[in-house]
Amino acid sequence: MADLDRGAEPASWTFKLSAGSFHKLSALLTLALLIFAFSFGNAAFFSINNGLTVLLQTSVIGLLGIGMTMVIITGGIDLSVGSVLALSGTITGLSIKAGVPVAPAMAIGVMAGAACGFVNGFVITKMRITPFVATLGMMLIARGVALQLTGAAPISRLGESFGLLGNGSLFRIVEKTGGIFPKVVFPGIPYPVILLAIVAVAGAYLLRRRQIGRHIYATGSNEEAARLSGVLVDRTKIFAYVLSGALAGLAGNVLMSRLVTVQPNEGVMYELDAIAAAVIGGASLMGGVGNISGTMIGAAIIGVLRNGLNMAGVSAFIQQIVIGIIVILAVYVDQIRNRR
Amino acid sequence: MKPDAQSATPLVQMDQIEKHFGGIRAVNDVSLDLYPGEVVGVLGHNGAGKSCLMRILSGAMIPNSGTIKVNGEVADIQSPHDARDLGIETIYQTLALADHLNAPANLFLGRELKTRFGNLDDSRMMAEAVRVLKRLNPNFKNLNDPVSSLSGGQRQVVAIARAIYFDVKILIMDEPTAALGPSETAMVGSLIRQLREEGIGILLVSHDMHDVFELCDRVIVMNKGRKVGSHRIEDVTKDDVLSLIIKGDLPHDWAPRSQKAVQ
């Protein structure tokens, strides 16, 4: 596979793959192989219903992954997204309990996530703390605040409308039958999946077509060069962390809405899934490399693996092992490709 | 060299610039001026403070004291952005390129062209990049590749193009030929002459005596953070300049060469 590029003789075959598209292609191939293999293992795997379930399960990691990708491209890392997700959900839940309607309450939750991101960015750029340490601190702080505010107890009875974002779906077709359960012709596209698609397109647009996106790449590629070229490096980084925090907040609202309960201890280790999605999708922790479509493929690979292994009856512990191996392999393939 | 160069207002006047890091005086009470259409060589050992001085002018470093005047007016240069707004462009020794971006993206970094809707106008940036890069190097291809995959010479060309594409009035070149082969060095030489004809002031940091004597109208020599000499190029020999660089002093029997000829 890696020979594709090398073997490109100018006369016979001018098709040339860039490093990025090569990585994306191999990730897509992996995804296709996984789907193929799991379909053989279980007939129920390859169905519209299950496909939508996978997408639904992927949406939270996908949302986190988009923010994480931006941060990773700047050369940083955001370890706080799992905790920020919990804190945002908690703040939304408490706002609803305080009498705020659901939609504004969710906006408050997302804003709380953005505020956490801003603190991350501020600590990293102005106090010159490395991203790893700064966001590790925020990971503990946000989790602590969420647990302290709720006394570590879930907040339930938030009303039916709170569950709409996580459980509703578009184009749901239900056939009325005489029985107790109506027949579901098409389960509909879940709102979280639609939300993920919108955010992914917006994120890709931001990175590819807007100045801030160009500056995010430049900052991660060569921070000093970007600064000397007049790029406001600090502002660019803060922007990336704020976005990551806000998307963690959004993901938190989606997740809590799906459970129709706010769980302050939800989202532990989610940051690692988000990082894995970005890395499988071709993002480099050295900065300057990565894109949204790759991360979406990475998130889908993780989602399909979890779902497929579950349906095959593989234990959750083995799943961890498999995903760990996939992450290492993805980076290894990239390394081989770059060494040539 | 232009004989009338000295009669105009200086493009740049750096006055009593000081920069210290802790107890170390990297730049110690240095003054410098640059006139339109003039090439001034800035020489010195590694660590003599010349790069520091250039970084102060290009906004990458803020001096502890001293004033900078551009076109006779006091300029407060706090960032590379400010310097660029004053028409001061810099070609850094490290080239300062973002390796993962392609040539047009680097050329317009920080000053991206945009469409009416505020999107990046990649096609226009590409077209402009082709125009300016082909002028500097007709063989320049693969503009779409990340600059990390380009040769040293091509990378240098991108860095030079970035400095001269915009409305440059004062150009700082830090070792512009260090990474180049002979033909590219000649290209940079003719470019410097051409820019001088256009009335641009150039500060040339170089270790290459041959280049300096070929291209410069004046030289300024720094030693241990101090300016130890400022001479018209026809007044000094290579040995005089080397003595200034190494000892920080001229040979004891030195007299300006041009005056010697008159005597």
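A polar contact is a pair of N or O atoms within 3.5 Å; within protein, one must be able to donate a hydrogen and the other to accept it, and residues adjacent in sequence count only if both atoms are side-chain atoms. The model shown here is predicted.

**View 1. Polar contacts link chain A and chain B**. There are 17 residue pairs in polar contact between the two chains, with both residues at pLDDT 80 or more. Of the elements, α9(A) gives the most, with 6 residues. By type, this side of chain A divides into 8 nonpolar, 8 polar and 6 charged residues.

**View 2. Chain A and chain B bury area between them**. Here 22 residues of chain A are in contact with 24 residues of chain B. The buried area is about 2000 Å², and 49% of it lies on carbon and sulfur atoms. Arg209(A), Arg214(A) and Leu228(A) supply 34% of the area that chain A buries against chain B, more than any other three residues.

**View 3. A salt bridge joins Arg209(A) to Asp122(B)**. Their closest N and O atoms are 3.2 Å apart. The count of salt bridges between chain A and chain B is 3.

**View 4. Two listed segments of chain A contain helix**. An unreviewed UniProt entry lists residues 102-125 and 132-155 of chain A among those under "transmembrane region". Residues 102-125 of chain A are 100% helix, and the end C-alpha atoms are 35 Å apart. Residues 132-155 of chain A are 79% helix and 0% strand, with end C-alpha atoms 31 Å apart.

Note on methods
Residues numbered from 1 in each chain as written. Chains lettered and ligands numbered in written order. Predicted model: local features only at pLDDT ≥ 70, side-chain atom pairs only at ≥ 80, totals over all residues. Heavy atoms only, no water. UniProt positions renumbered as here; feature names shortened; annotations may be inferred. Helix = DSSP H or I, 4+ residues; strand = E, 2+ residues; numbered from the N terminus. Contact = heavy atoms within 4.5 Å. Buried area = accessible area lost by both parts, 1.4 Å probe. Salt bridge = Lys/Arg side-chain N within 4 Å of Asp/Glu carboxyl O. Nonpolar A, V, L, I, M, F, W, Y, C, P; charged D, E, K, R; others polar.
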